[in-house]
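User: Hi! I'm new to this one and would like a friendly walk through it. Could you show it to me first?
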Amino acid sequence: ATACSAHIRPTEEATMRSRTIPRFTAMLGAILAVAPAVAATAAPSGPPIKIGGTLALTGPLAATALLHKITAEIYVEELNKSNGLLGRPVEWVLLDDQSKPEVTRTLYEKLITVDKVDLLMGPYATGAIIAAMGVAQRYQKMLIHHSFGMPHLAKYEMQFAAAPFGPEPNKTVPAIVFDAVAATANPPKTVAIVTSKFPSAQFQSSGAREVAVQRGLKVLLYLEYEFGTRDFGPIAARIKDANPDLLWVGALGLDGNLVLEELKRLDYTPRRHYHLFPAPGPMATAPEAKLALSNTFFEEHPPFTNNPAAARFATLYHERAAKAGVPYTNVDTQAAGSYAAWQMLEASVTATKSLDDKVLAQWLRKNQVPTIVGRFRFDGPNNYGDDLSKVKQVQDGKWVVVWPKEFAAPGARLLP
């Protein structure tokens, strides 16, 4: 286990979608927004508040989970440089779930019964989150998580998502992708879909097939592969034979890179290619991934970085990510979602002055939380609010939002 530190105050997002919220929540957001100017002078004291969780520090999901680890370390360290939580220091108890849901389940049981943590933070990726959610429900612990892609399975009333997909991402995520490419001068007429059988990737990619048909796109290929696959040669051959206008890869981590490398060996370049959950750095920096598309909730450029909390986080993240050998040190949707999860946790504890899981969960269900990703609400199906998805593209070695237009990076548009 590792113990670390982090501080983030939920800050009103200046340029995101605004909604009418209860007066108490508005007051809370205003107080937290000005907190940096009136930071408490007293260092946190007393027994630490222990927050426990796992991440995939090893295994197929490790490249992306590292971004969540870096984010949490920054957040906890910043918290402890100020007044901690409730005036007490924060200790993050982190364990390695090895990218395996069955290990995740065992470790969350340990965190609750052996390590006696006060609060939980979710692991990375849908399979692990499902496993952790079952344990949290058994012990009636609140679970905030940052990377869950199957909201219809989140039946536990004390779970809350910082990945704002909305209740039906199998419909809304493909819709925004197809909206983006349909608005170009050369909209696609055909699509090939290849996807990991990893639960969230399979769920959203099968949804993409249905949405494509509804929109009149011809699905030339639909192919599923096992999670952890590393030989994409046969799949690449099928993609080349299909020769679609748009390639949809239900990718996790390095899957998309491996597909593109095999296509390059076949001397084939897809006309347009979308990757669902790529490892952001390897995808942004790979020459063959030029103009790759993906889903996002946050990228490091205006209007997102107009939020002072986001700008400060980006500064801290650059240094820490570079030191960890991360190939892409800009804050992207993974790191930002993780940051937002900690903002949710801090907001609920600060507002209620409590560590009681049921009290915290009740507060979150009734209030909105301003985060660097956007304003979250939890009053919809399975505690989900709006789908805040955007479409991003690799341009000049960086991810930039290109759709919807009001969130696009300055001067950016979807290419080609």
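Analyst: Happy to. One term before the sheets: two strands pair if DSSP finds at least two bridges between them. Also keep in mind that this is a predicted model.

User: Got it. What is the strand order in the open sheet of 7 strands?

Analyst: The order is β7-β6-β8-β9-β10-β13-β14, and the pairing is mixed.

User: Which strands are the edge strands there?

Analyst: Those are β7, residues 218-225, and β14, residues 398-403. Each of them pairs on one side only. As for the twist, it averages 25 degrees from one strand to the next.

User: How do β13 and β14 pair, parallel or antiparallel?

Analyst: Antiparallel, over 5 bridges, with β13 covering residues 390-395. To pick out one spot, Q393 has V400 in β14 as its bridge partner.

User: Now helices. Which strands does α6 lie across?

Analyst: Helix α6 lies across β6 (190-196), β7, β8 (246-253) and β9 (273-278). Its direction runs at about 165 degrees to β6. Helix α7, residues 233-242, packs on the sheet as well, touching β6, β7 and β8. The direction of α7 makes about 180 degrees with that of β7.

User: And how do α5 and α6 cross?

Analyst: The axes of α5 (residues 169-182) and α6 (residues 199-214) come within 8 Å and cross at roughly 60 degrees. The two helices are therefore oblique to each other. The crossing of α5 past α6 is right-handed.

User: Which residues make that contact?

Analyst: From α5 you have P169, N170, K171, V173, P174, A175 and F178. From α6 come F203, Q204, G207, A208, V211 and A212. By type, the residues of this contact divide into 9 nonpolar, 3 polar and 1 charged.

User: Let's switch to D255. Where is it, and is it buried or exposed?

Analyst: D255 sits in helix α8, residues 255-265. D255 has a relative accessible area of 3%, so it counts as buried, since the cut-off for buried is under 20%.

User: What is D255 in contact with?

Analyst: Setting aside neighbours within four places in sequence, D255 is in contact with S196, Y225, T229, R230 and F232.

User: And E262, which helix is that in?

Analyst: E262 is found in helix α8. Leaving out neighbours within four places in sequence, E262 is in contact with F232, G233 and A236.

User: How far apart are E262 and G233?

Analyst: In sequence, they are 29 residues apart. In space, the C-alpha to C-alpha distance is 5.6 Å.

User: How many bridges link β1 and β3?

Analyst: There are 2 bridges, in the parallel sense, between β1 (residues 49-55) and β3 (residues 119-121). Here I51 stands opposite L119 in β3.

Terms used:
Residues are numbered from 1 along each chain as its sequence is written. This is a predicted model: local features need pLDDT of at least 70, side-chain atom pairs count only at pLDDT 80 or more; totals for chains, interfaces and linings use all residues. Side-chain values use heavy atoms; hydrogens and water are left out. Axes are lines fitted to C-alpha atoms, for helices over the stretch in contact, and angles run from 0 to 180 degrees between N-to-C directions. Helices (H or I, at least four residues) and strands (E, at least two) are DSSP runs, numbered from the N terminus. Angles under 35 degrees count as roughly parallel, over 145 as roughly antiparallel, 65 to 115 as roughly perpendicular and the rest as oblique. A crossing is left-handed if the near helix is turned anticlockwise from the far one by less than a right angle, and right-handed if clockwise. Contact means heavy atoms within 4.5 Å. Ala, Val, Leu, Ile, Met, Phe, Trp, Tyr, Cys and Pro count as nonpolar, Asp, Glu, Lys and Arg as charged, and the others, Gly among them, as polar. Buried means under 20% relative accessible area, exposed over 50%, partly exposed in between (1.4 Å probe, protein chains only).
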